[in-house]
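This briefing concerns a predicted model. Please examine the structure below before reading on.

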Amino acid sequence: MSQTLTFDVLIIGSGAAGLTLGLSLPEHLQVAIVSKDTMDAGSTRWAQGGVAAVLDEEDSVDAHVADTLTAGAGLCNEAAVRFTVSESTEAIQWLIDLGVPFTKENPASGDNQFHLTREGGHSARRIIHAADATGHAMSDTLLQRASERDNLTLLNDYIAVDLITREKLGLEHQACAGSYFLNKKTGDVDAITAKATALATGGASKVYLYTSNPDGASGDGIAMAWRAGCRVANMEFNQFHPTCLYHPQAGSFLITEAVRGEGGKLLLPNGKRFMDRFDDRAELAPRDIVARAIDHEMKRLGADCLFLDISHKPAEFIREHFPTIYDRCLELGIDITRDPIPVVPAAHYTCGGVVTDNAGKTDIRRLYAVGETACKGLHGANRLASNSLLECLVYARAAAADIAASITDLPEPETVPHWDSSQVTDSDEDVVIAHNWDELRRFMWDYVGIVRTTKRLVRAKHRVKLLRQEIQEFYSNHKVTNDLLELRNLVDVAEVIIRSALMRKESRGLHYSRDYPEVLPRAYDTVLMSKYINELGHL
């Protein structure tokens, strides 16, 4: 039987953003943190490099801001960038106080100074990390602290179906009342209502065939907010990580940017370096430049992959700084202390998302969005390395403060009807879902990838329209499943990405068009308005 659960705050997503938000809320509030899989299944746990923050005396807020603005290719909201960077030191101290085991400079000597590394696009060493498994360390610590809080209810195996809004309930004064969820343990669709709801569901890189993200990165929060009537912005800016491990048994294994930050060299199959032909910063150029360079060389040579070599560094240094990468590559027969690492670009990060302010508030009252789901102008046209985990921390804490300050003035959650499944049947054609899933991700990779043309985008637009109709028909007639819900979200996200890319008549940051190779003199955000109305403007 379907049930309705009620809380003060509902947080959809259990990564760094969702857990930080929950832990930052007052303990007298009853909070549900919901994951569609295990509580640690999101992208946070996969993060290797670290968190960018102003932590060194030789660094400064202005320098970090300048690097972020440069990487963002003129499209960043400078106020959002400065807010994020100004809050970085305090956010990192909060993690340290929680017990995140960041790597020390010289632990054997009793020195408590943290080791800071440097990544592409940064002018200083400002990346605090836990070896090469920072996300793993953060996820474990945040989950442990969340499990110790009596007011936090952690619910796993609940995948969101759609947001519940007053408009959908036939009521005046639009606001969010919660969400319907498929309870994967029972097969029922339950409702969770709350005074305030936050989307912390991560990005949408699973819309592409090759990605560094886990399977759950299907743009759920972005798609649900879009269907509910929120604006989304800059969805054409999909960051492709330059170096994903190329091996048939590797899955989606990322080779952190810190390998290049510590001196790793990108090589052609013949062993020659090539990045200096594309940018004066060579391997330390921002990710979009490096990814396009690798893509260009692979296509020029007809190569399946290129190589990243750190073997010129001492073996002890490599094993100490990159133990996770070393162990995983060794399992596959690659000794990175002696051998170069085969790499390819892969979809990695969604720079656009649901439009919010600096407190995470969306266009719908009582609905917040934080982390990779949101877009407040921090990343602009390209995310600076290791600003993503920082974004999760800063904006989750800001949203928590806003919710705490306003929660007493918010009404009790609305009474919502049970999910009606009386008119649908079990599907005996799940092959349709599998086929559509594969078709969508393949044409997104082929037509809406690292390098784009108008002809390819138009072709993708036609394909996604037909696919969306087919998926909607399937959704309307059959009981919901995890795969169907993710596919429904991905096709909505794909449509938004394609439409955004067609609207941008220039090449900027992560969006590169052969038909419009120049940068326009003035930078505009691509904003898709609610109710499927297009508009160009500022966030």
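The buried residues of helix H4 are covered by elements that include helix H1 (16-24), strand S3 (51-52), helix H3 (78-86), strand S5 (127-128), helix H5 (134-147) and helix H11 (387-406). Contact means heavy atoms within 4.5 Å; helices (H or I, at least four residues) and strands (E, at least two) are DSSP runs, numbered from the N terminus.

**Helix H4**
- In H4 (residues 88-98), the buried residues are Ser88, Ala91, Ile92, Trp94, Leu95 and Leu98, where buried means under 20% relative accessible area with a 1.4 Å probe, protein chains only.
- These residues lie on the same side of H4 because they cover an arc of only 150° around the axis, taken from the directions from the helix axis to the C-beta atoms.
- Gly99 follows H4 and has a positive phi, near 110°.

**Second largest pocket**
- The volume of the second largest pocket is about 570 Å³.
- Of its 25 lining residues, Tyr210, Met298, Val344, Pro345 and Trp445 are the closest to its centre.
- A pocket is an open set of points on a 1 Å grid over the protein atoms alone where a 1.4 Å probe fits, with protein on both sides within 12 Å along at least five of seven lines; lining residues have an atom within 4 Å of a point.
- At least two lining residues each come from strand S11 (238-245), helix H8 (287-301), strand S14 (341-350) and helix H12 (430-447).

**Confidence and conventions**
- The chain has a mean pLDDT (the predictor's confidence in each residue, from 0 to 100) of 93, and 97% of its residues reach 70 or more.
- Residues are numbered from 1 along each chain as its sequence is written, and side-chain values use heavy atoms, with hydrogens and water left out.
- In this predicted model, local features need pLDDT of at least 70 and side-chain atom pairs count only at pLDDT 80 or more, whereas totals for chains, interfaces and linings use all residues.

Conventions:
Points joined across faces, edges and corners; volume = space filled by probe spheres on them. Buried < 20%, exposed > 50% of the residue type's maximum accessible area, 1.4 Å probe, protein only.
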